[in-house]
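The questions below go through one protein chain, and each answer is worked out step by step from the coordinates. Please keep the sequence and the model at hand while reading.

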Amino acid sequence: MDLDVKTNQLIQSDITNLQNELDIQKSLVKRLQNQLQSKIDQQDSDQVYKTIIQTVPDIVYRLDENGRIAFINNAIKYYGYEVDELINKDILEIVYPEDRDKAKYFVKERRTGKRRNKAAEVRLLTKDQKIKPFELKDSAVYESKSFILESEGIYKDNIATTVNFLGTQ
C-alpha cells in the first residue's frame, strides 16, 4: 500500500508540475498574441498614414543629411516627375536656379525655436522646365531633444486661383 501512495503522490506531483508548465506556456502564448496584435495594429496605422501622405495634393518630401531626396510623395507627378527619378537627387536640382541659394540656406539651416525660419518662397522647375512658385515649409524631425535627424517639409503651389486651391492644413 505504501507503494501505491508514493506512486500516487509522484503522479500528483507530476500533474501539478505539468499544469504549472502549461500555465507558463499559456502565458507566453498570450504575450506573443498581444505582441503580434500590437504589431498588426501598428502596421495598419502605418498603412493609413502612408496612404494619406501619398494622396495629399501637396508635395511632401524627406531629405537626408546631405539634402538629397530620401522620400517624396506622388504629388510630384503633377509636375512631370516620377517619384523614382527624384530619389537620391539633390533637392536643389528641381529648384529654379535663381532661387537655389535661398533654398540651400533654408534647407541646410539648423536653427531651432523662435530664430528658426519656418517658410521661404522659392520657385520649382517642372520636368518640362516651367516655373511654379512655391512656399517651402520646413519642420525638423528630432530623435532626442538635442539631435536632429533630417529636414522635412511641404511644398504647396502658391498661385492664387480657384483651380490651384488645394485646401487648408
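Q: In which helix does Ile52 lie, and is Ile52 buried, partly exposed or exposed?
A: In this predicted model, Ile52 belongs to the helix that spans residues 2–55, which is H1. The relative accessible area of Ile52 is 43%, and a residue counts as buried under 20% and as exposed over 50%, with partly exposed in between. Ile52 of helix H1 is therefore partly exposed.

Q: Which residues form a nonpolar patch on the surface, and what is their accessible area together?
A: Ile52, whose relative accessible area is 43%, is one of the residues of this patch.

Q: In what order do the elements of the chain run from the N terminus on?
A: The chain contains 3 helices and 7 strands. Read from the N terminus on, these elements follow the order α-β-β-α-α-β-β-β-β-β.

Q: How many residues does the largest nonpolar core have, and which element gives the largest share of this core?
A: The largest nonpolar core has 25 residues, and those with the most contacts inside it are Ile59, Ile72 and Ile76. Two or more residues each come from strands S1 (59–63), S2 (69–72), S3 (119–125) and S4 (131–138), and from helices H2 (83–86) and H3 (100–108). The largest share amounts to 4 residues, and the element that gives it is S3.

Q: Which residues does Ile76 touch, not counting residues up to four places away in sequence?
A: Ile76 is among the residues with the most contacts inside the largest nonpolar core. When residues up to four places away in sequence are not counted, the residues that Ile76 touches are Ile59, Tyr81, Glu82, Val83, Leu86 and Ile94.

Q: Where around the axis of H3 do its buried residues lie, and what arc do they cover?
A: The buried residues of H3 are Ala103, Phe106 and Val107. They lie on the same side of H3, because the arc that they cover around the axis is only 95°.

Q: Which residue is 7.0 Å from Lys104 in space, C-alpha to C-alpha?
A: Lys104 has its place in helix H3, where it is partly exposed with a relative accessible area of 43%. The residue in question is 12 residues apart from Lys104 in sequence, and it is Leu92.

Q: With which residue does Lys127 form a salt bridge, and how far apart are the closest N and O atoms?
A: The partner of Lys127 is Glu85. The pair links distant parts of the chain, 42 residues apart, since Lys127 is in the loop between S3 and S4 while Glu85 is in helix H2. Both side chains belong to partly exposed residues, with relative accessible areas of 43% for Lys127 and 27% for Glu85. In the salt bridge of Lys127 with Glu85, the closest N and O atoms are 3.1 Å apart.

Q: Is Asp99, which meets Arg123 in a salt bridge, buried, partly exposed or exposed?
A: The side chains of Arg123 and Asp99 meet at 2.9 Å, N to O. Arg123 is partly exposed at 30% relative accessible area, whereas Asp99, at 8%, is buried.

Q: What is the phi of Gln129, which is not a glycine?
A: Gln129 lies in the loop between S3 and S4, and its relative accessibility of 54% makes it count as exposed. Although Gln129 is not a glycine, its phi is positive, at about 70°.

Key: Residues are numbered from 1 along each chain as its sequence is written. This is a predicted model: local features need pLDDT of at least 70, side-chain atom pairs count only at pLDDT 80 or more; totals for chains, interfaces and linings use all residues. Side-chain values use heavy atoms; hydrogens and water are left out. A nonpolar core is a set of buried Ala, Val, Leu, Ile, Met, Phe, Trp, Tyr and Cys residues joined through side-chain atoms within 4.5 Å. Buried means under 20% relative accessible area, exposed over 50%, partly exposed in between (1.4 Å probe, protein chains only). Contact means heavy atoms within 4.5 Å. Patches are made of residues with over 30% relative accessible area and no salt bridge: like charges are joined within 9 Å, nonpolar side chains (Val, Leu, Ile, Met, Phe, Trp, Tyr) within 5 Å. Accessible areas come from the Shrake-Rupley method with a 1.4 Å probe; for residues, only the protein chains shown count as cover. A salt bridge is a side-chain nitrogen of Lys or Arg within 4 Å of a carboxyl oxygen of Asp or Glu. The arc is that of the directions from the helix axis to the C-beta atoms.
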